[in-house]
Structure formats: structure tokens, C-alpha cells
Amino acid sequence: MAYEVSITENVTLISLNDSPSDIGVTAKIFEFLSKNDIDVDMISQIPPHASTPCLSFTVNDDDLGKVFTAASSLRELLPEVKLGISSGNSKISVFGEDMKNCPGIASKVFSAIAEVGAEVRMITTSEVDISILVFSHDSTAVYSAIKKVF
């Protein structure tokens, strides 16, 4: 089994806490980001606590200025949303077509990260990819630990 492990530096995590549980609003948020030429990478939505979920996504740190400019307009659209912005992260990805129908890959990745004691900020997955967002100061250790497993 061949797996590719990659690292992307300079990633900003954007969290929209208390965002409406409405896919139409979510669509408007991403349309707004697109119109402001902000390229979004990882996207994760936490199920609603009460009636409001948390929607998080990542952008390149180079887009941080555009995010700050867009944030004021976004606050006008969604005044109830609490915006969190955290730059200086890294995305570590494990990719492999062999992941399909192969239980245990996530366990290996998460165990490797646990061994180095890194804090995971976000996780996204597909059938063939696991992407983990960590603080940049942990990225080398996390990357090395995952590479050792695969």
C-alpha cells in the first residue's frame, strides 16, 4: 500500500461560531468568499449545539488581509456569528487510493499524532484522504510521525 504524506504550511483557520443551521446561508458565505477571491481548502461543520452549528474552514495565510476585509461585510450579513481567526497552522495530509475499504488508516494517523502530543485543530476526511490541521510549531513532528507509520 502506497500513501502520500504531504504538508502545507501557512494555513489560517476561520471559525464561524453560532452560524445559522441553514444550507442557504452556508452557500451565501462561500459565495461571498469566492467573490472576494478567497480560496478555501478544508471545510468542517460541527453539528448544531442547540440550534447553531460551528462552521470552520481554512485559507492560505496570504489571504488573511482579504479575510479581514471580508469579515466586516460578513458581520453585516450575519451579526449573530462569532468569528474566530487563527493563522500560523499547517495541514498534514495522508492520501492513497488504497484507503478505500481499508479499516484502520485513521487509527494509525491519530495514534502517530498522539505519540508526539500535538494539538489537532481540525480534521477532514474522504475515502482516500485524511487531512489534519495542527499548529505550525508541531508540523515537523507530526509529519515525521505519520511518515514513519506509512
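## Terms and confidence

A residue is called buried under 20% relative accessible area, exposed over 50%, and partly exposed in between. Asp41, with a relative accessible area of 41%, is therefore partly exposed.

The model is predicted, and the mean pLDDT of the protein chain is 91, with 97% of its residues reaching 70 or more. Among the elements, helix 2 (residues 64-77) has the lowest mean pLDDT, 82, whereas strand 6 (residues 129-135) has the highest, 98.

## Nonpolar cores

The largest nonpolar core holds 17 residues, of which Val94, Val109, Ile113, Val142 and Ile146 touch the most other members. Two or more residues come from each of strand 4 (82-95), helix 3 (105-116), strand 6 and helix 4 (139-149), and the largest share, four residues, is that of helix 3.

Leaving aside residues up to four places away in sequence, Val142 touches Ile92, Ile113, Val116, Ala118 and Val134. Another core, of 14 residues, lies apart from this one and includes Val25, Phe57, Ala70 and Leu78.

## Salt bridges

The structure holds six salt bridges. In one of them, the side chains of Lys82 and Asp18 meet at 2.4 Å, N to O, and this pair links strand 4 with the loop between strand 1 (4-17) and helix 1 (23-35), 64 residues apart.

Lys91 forms a salt bridge with Asp41, their closest N and O atoms being 2.6 Å apart. Because Lys91 lies in strand 4 and Asp41 in strand 2 (residues 40-49), the pair ties together parts that are 50 residues apart in sequence. Lys91, at 12% relative accessibility, counts as buried.

Technical notes: Residues numbered from 1 in each chain as written. Predicted model: local features only at pLDDT ≥ 70, side-chain atom pairs only at ≥ 80, totals over all residues. Heavy atoms only, no water. pLDDT = per-residue confidence, 0-100. Core = buried A, V, L, I, M, F, W, Y, C linked by side-chain atoms within 4.5 Å. Buried < 20%, exposed > 50% of the residue type's maximum accessible area, 1.4 Å probe, protein only. Contact = heavy atoms within 4.5 Å. Salt bridge = Lys/Arg side-chain N within 4 Å of Asp/Glu carboxyl O.
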